[in-house]
Amino acid sequence: MIRNRGIGRLAAATLCGVVALAAPVWAQDAAPKAKGIESEGYQWNQMEGEKVEALTLTGDPKRGEAAFEVCSACHLPNGSGRPDGTFPQLAGQHRTVLIKQIADIRAGRRDNPIMYPFAKTLVDPQELADVAAYIETLPIPPNNGRGPGGDHLKRGEELYKVNCVKCHGPNGEGSMKDFFPVLAGQHYAYLLRQIRDIAGGKRRNANPDMVKLVKDFPDEDLQAVVDYMSRLGWPERTAKPGKQG
Amino acid sequence: MRRRGWTLAAVAAAALFGVQAMAQEPAPAGTEPAGTEATTPAAPLDGATLFMQRTCFACHGKDAKTPILPEYPKLAGQNEAYMVRQITDIKSGARNNGNTAAMQGILHLVNEDEIKALAAYLATLK
């Protein structure tokens with residue numbers, strides 16, 4: 001349906017004679033485009049669509065485990081992703097966060113051309129709820145990719161305590177009810193890519209409050225705070241060392 | 001839905017081969033910034049293993065001819081030199097059209113030799 005609409009728009013554009021600019025863009029996007037932070041009137045985490053449905057349904061971790069097989073090709077069966085940050089760590093993430101992010105990718109509000117076709121393989125809001133419920137039960141692996149460490153960690157800790165702790169918590173535990181992600185156990189390289197994208201306006205489903213907070217951070221500060229984050233542990237959900245989730 | 005069933009089967013198969021292979025590979029250094037060359041283990045390059053380890057199969061299908069989206073190419077039996085050229089150009093940004101956005105996010109996972117090994121392997125597939 002989405003693709004048909006794209007073709008319809010393409011045909012309309014051709015008729016209008018403006019195809020030179022428009023066609024290549026539409027031709028290369030498999031995903032739809034929803035309004036994000038670049039658009040006037042953008043409201044973060046607006047409660048609408050399949051997200052609301054998935055959030056009200058009770059996820060079944062058993063069914064979610066089966067659905068997760070598709071995800072495990074890149075995120076690995078234990079959810080740990082890759083320490084080089086190509087794919088994020090997912091284990092122990094709040095189900096609300098997972099549902100919101102997948103719904104945003106499906107809707108075209110978070111641009112992720114790698115993830116998009118996989119997000120689309122989830123058949124309905126129930127499966128979205130199931131897979132999120134399953135991922136939330138996985139223990140956070142303790143061996144995530146860390147930053148380079150060293151002198152900037154103190155600066156990172158200060159920045160974290162002033163700017164981040166209120167929403168993401170002292171252990172990086174985030175908030176399930178407020179859709180704030182767990183940071184504990186996340187890979188440094190992934191965190192750095194995301195915070196740079198958020199600060200730079202590239203992450204279109206970002207929370208404007210966070211954008212405001214970090215957009216003027218010099219890159220050294222982003223690196224410092226993210227290095228500190230990559231060392232956070234949330235005892236409640238972190239797997240014991242030596243035990244893989 | 002048909003696609004979904006297929007994907008599950010592919011990943012189940014991958015769990016037997018690819019992920020097992022991945023477990024044997026030392027984890028990349030956490031400090032390695034995304035976008036740098038992947039470091040290669042000393043073992044001889046095996047295209048079939050790379051195809052699983054570097055997550056190619058996730059999009060192109062375990063048989064390299066059942067892509068997850070119809071816009072993605074079948075690679076099995078494709079010309080070796082053509083694949084090396086395309087992957088290299090997509091990685092460098094010289095080729096920037098079509099679905100290259102998805103590929104550009106992951107091509108730091110393979111270096112020049114690995115690209116050659118992958119293309120040689122894929123060309124042999126029927």
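Trainee: Which residues of H7(A) are buried?
Mentor: Take the term first: buried means under 20% relative accessible area, exposed over 50%, partly exposed in between (1.4 Å probe, protein chains only). The buried ones in H7(A) are A:Pro125, A:Glu127, A:Leu128, A:Ala129, A:Asp130, A:Val131, A:Ala132, A:Ala133, A:Tyr134, A:Ile135 and A:Glu136.

Trainee: What kind of model is this?
Mentor: Residues are numbered from 1 along each chain as its sequence is written, while chains are lettered from A and ligands numbered from 1 in the order in which they are written. Side-chain values use heavy atoms, leaving out hydrogens and water; local features need pLDDT of at least 70, side-chain atom pairs count only at pLDDT 80 or more, and totals for chains, interfaces and linings use all residues, since this is a predicted model.

Trainee: Why is H7(A) called largely enclosed by the rest of the structure?
Mentor: H7(A) covers residues 125-137 of chain A. The helix is largely enclosed because its buried residues number 11 of the 13.

Trainee: How many helices does chain A have?
Mentor: Chain A has 0 strands. Its elements, from the N terminus on, run α-α-α-α-α-α-α-α-α-α-α. The number of helices is 11.

Trainee: What share of the 245 residues in chain A is buried?
Mentor: Chain A exposes about 11800 Å², with 57% of it from carbon and sulfur atoms; this area is by the Shrake-Rupley method with a 1.4 Å probe. Of the 245 residues, the buried share is 53%.

Trainee: What span should helix H6 of chain B have?
Mentor: The expected span is 1.5 Å times one less than the number of residues. H6(B) has 13 residues, 112-124, and its end C-alpha atoms lie 19 Å apart.

Trainee: Which helices do the buried residues of H6(B) pack against?
Mentor: Those buried residues are B:Glu114, B:Ile115, B:Ala117, B:Leu118, B:Ala119 and B:Leu122. In chain B they pack against helix H2 (47-53), helix H3 (56-60) and helix H4 (80-92).

Trainee: What type of aromatic pair do B:Phe51 and B:Tyr121 form?
Mentor: Rings of Phe, Tyr and Trp (its six-membered ring) pair if their centres lie within 6.5 Å; planes under 30 degrees apart are stacked, over 60 edge-to-face, the rest tilted. B:Phe51 is buried at 1% relative accessible area, whereas B:Tyr121 is partly exposed at 22%. Their centres are 6.1 Å apart and their planes at 55°, so the pair is tilted.

Trainee: How many residues apart in sequence are the parts that this pair ties together?
Mentor: B:Phe51 lies in helix H2 of chain B. B:Tyr121 lies in helix H6 of chain B, so the separation in residues is 70.

Trainee: Which residue's side chain does B:His108 join in a polar contact of 2.7 Å?
Mentor: B:His108 sits in the loop between helix H5 (100-104) and H6 of chain B, and is buried at 11% relative accessibility. A polar contact is a pair of N or O atoms within 3.5 Å; within protein, one must be able to donate a hydrogen and the other to accept it, and residues adjacent in sequence count only if both atoms are side-chain atoms. The partner is A:Thr86.

Trainee: What is the mean pLDDT of chain B?
Mentor: pLDDT is the predictor's confidence in each residue, from 0 to 100. It stays under 50 over residues 1-37 of chain B. In chain B, 66% of residues reach 70 or more, and the mean is 78.

How values were computed
Helices (H or I, at least four residues) and strands (E, at least two) are DSSP runs, numbered from the N terminus. Contact means heavy atoms within 4.5 Å.
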